[in-house]
Amino acid sequence: MAPTPTIARQDSASLYEVFKGLTPKSCPHQFNFHMHTVYSDGQLKPAEVVAQTIKIGLSGFTITDHHTVVGYREAQQCLKSLSSESELLPKLWPGVEINANLLSGEVHILGYGFDPDAPALSPYLQRQPAEGRDYQAQQVIDALHSAGGLAVLAHPARYRQAPADLIREAARLGIDGVESYYCYNNPNPWRPSPQQMALVHQLGERYNLLHTCGTDTHGRTLLARL
């Protein structure tokens, strides 16, 4: 898929179609839907993220900082400033990673393609986890949907609870997808972990969920997790 010249804003419909076509080989050289900047717990500035996405040749990406979209907005402005110089720019969708309670344990829910200014998301964009009712997975999923976005359970095999239990419950609550293509042991080069990928993909299929991919970058390169 060739990179698009447009600078994306809220557009969960087009992102839904992209998610439907992802494979284990889509990340990290074609798409990347999980990365962090200096605005949460990453080491890259948004401008550095944009530069790397262009160098890698990504067709599209999201910045999923924890509880903030400041990095996304900065990257969006960076792409906008470059749009007059090149038509071959990756598409950027809004993204965020939100802590939530699911089955009496903490999980991370990735939000995509939402309206960053939607009032429903205000509790989740305060640079820290929400509390009380807003901390519950059901509320997070509902808020993302209210904002026009998609909700995805991040790295389902990283939690204390069994992936089968978490995914079943998340699906019951209305989650849209699971992060199926994820690296759990940080190999070089980056690649999805086969055993966990097979399990999560199978569970996602059982509940008719989307499958997403991302490096979960916290370090200095988008081609690795750390």
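**Close-up views of a predicted model**

**View 1. Pro163 in helix α5.** Pro163 is part of helix α5 (helices are DSSP runs of H or I with at least four residues, strands are runs of E with at least two, and both are numbered from the N terminus). This is a predicted model, in which local features need pLDDT of at least 70 and side-chain atom pairs count only at pLDDT 80 or more, while totals for chains, interfaces and linings use all residues. Residues are numbered from 1 along each chain as its sequence is written, and side-chain values use heavy atoms, with hydrogens and water left out. Pro163 has 15% relative accessibility and therefore counts as buried (buried is under 20% relative accessible area, exposed over 50%, partly exposed in between, with a 1.4 Å probe and protein chains only). Leaving aside residues up to four places away in sequence, Pro163 touches Pro156, Ala157, Leu199 and Leu203 (contact means heavy atoms within 4.5 Å). From Pro163 to Arg220 the separation is 57 residues in sequence and 29 Å in space, C-alpha to C-alpha.

**View 2. Strand β7 and its pairing with β6.** Strand β7 covers residues 177–181; five of the five are buried, so the strand is largely enclosed by the rest of the structure. Strand β6 (residues 150–153) runs parallel to β7 and is joined to it by two bridges (strands pair if DSSP finds at least two bridges between them). Val152 has Gly177 of β7 as its bridge partner. Between β6 and β7 the chain passes through helix α5 (residues 163–172), in a right-handed β-α-β crossover (right-handed means that, with the strands pointing away from the viewer, the path from the first strand over the helix to the second runs clockwise).

**View 3. Strands β7 and β8.** Three bridges link β7 to strand β8 (residues 210–213), in the parallel sense. The bridge partner of Val178 in β8 is His211. A right-handed β-α-β unit is made by β7, helix α6 (residues 194–206) and β8.

**View 4. The sheet β1-β2-β3.** Three strands in the order β1-β2-β3 form an open sheet with parallel pairing. Its edge strands, β1 (31–32) and β3 (91–93), each pair on one side only. Two bridges hold the parallel pairing of β1 with strand β2 (residues 60–62), and Asn32 is opposite Phe61 in β2. Helix α3 (residues 70–82) packs on this sheet, where it touches β2 and β3, and its direction makes about 155° with that of β3 (axes are lines fitted to C-alpha atoms, for helices over the stretch in contact, and angles run from 0 to 180 degrees between N-to-C directions).
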